[in-house]
Amino acid sequence: MKSRRRGMSGADFAKYCLENDEAIPDSSKTLGCKPLHFEPERAFGRMEYNPGPNSLNPIGGVQGGFIAAMLDDTMAFGALTGIGGGYVLPTLELKVNYLRPVRPGRVIVEGWLVHRGKSVAFLEGRLMDDEGNECARATATALIREYR
């Protein structure tokens, strides 16, 4: 994937992610990640996750770190469809607001680019349960680096 991704436009990166399982990192696959929709002109992405029983906390909800990971992944993928596939966005800072418990099963996560500077990107995202209830919101600051 490395050589194929270098220099890839945002639109090409979005198409690549939707059509190729290898575009999704193993860490995302652990949570049942499936890309659903990208809008490169808006630097926006929507992904489905299916956290299972191995992601639960002692009271039966999805553990907060897994929720943060789903938001972090989706915000970066959404932003990269606008920035281009030849980059990576390592997270500098991530803030998550947990609004309601997340149960195991299908969740939908949306992420988008709010602002792009020369070397820093500002991202936002939200996670909804299968009924459309918003369960978590996030903001992040990420570096913009060439993919090597």
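This is a predicted model: local features need pLDDT of at least 70, side-chain atom pairs count only at pLDDT 80 or more; totals for chains, interfaces and linings use all residues.

Trainee: Where do Phe13 and Phe77 sit in the chain?

Mentor: Phe13 belongs to helix H2 (residues 10-19) and Phe77 to helix H4 (residues 64-83), so that the pair links distant parts of the chain, 64 residues apart. Phe13 and Phe77 are both buried.

Trainee: And what about Phe44 and Trp112, how far apart are the centres of their rings?

Mentor: Their centres are 6.3 Å apart and the planes meet at 25°, so Phe44 and Trp112 are stacked. Phe44 is in strand S2 (residues 44-49) and Trp112 in strand S5 (residues 107-116), so the pair ties together parts that are 68 residues apart in sequence.

Trainee: Which residue lies over the face of Phe44?

Mentor: That is Arg42, at 4.5 Å from the ring centre.

Trainee: Switching to the sheet, in what order do the strands come?

Mentor: The order is S1-S2-S5-S6-S7-S4, six strands in an open sheet with antiparallel pairing. Strand S1 (34-39) and strand S4 (91-98) stand at the edges with a single partner strand each, so one side of each has no neighbour in the sheet.

Trainee: What packs on the sheet?

Mentor: H4 does, touching S1, S2, S4, S5, S6 and strand S7 (134-143), and its direction makes about 50° with that of S5.

Technical notes
Residues are numbered from 1 along each chain as its sequence is written. Side-chain values use heavy atoms; hydrogens and water are left out. Helices (H or I, at least four residues) and strands (E, at least two) are DSSP runs, numbered from the N terminus. Buried means under 20% relative accessible area, exposed over 50%, partly exposed in between (1.4 Å probe, protein chains only). Rings of Phe, Tyr and Trp (its six-membered ring) pair if their centres lie within 6.5 Å; planes under 30 degrees apart count as stacked, over 60 as edge-to-face and the rest as tilted. A charge sits over a ring if NZ of Lys or CZ of Arg is within 6 Å of the ring centre and within 35 degrees of the ring normal. Two strands pair if DSSP finds at least two bridges between them. Contact means heavy atoms within 4.5 Å. Axes are lines fitted to C-alpha atoms, for helices over the stretch in contact, and angles run from 0 to 180 degrees between N-to-C directions.
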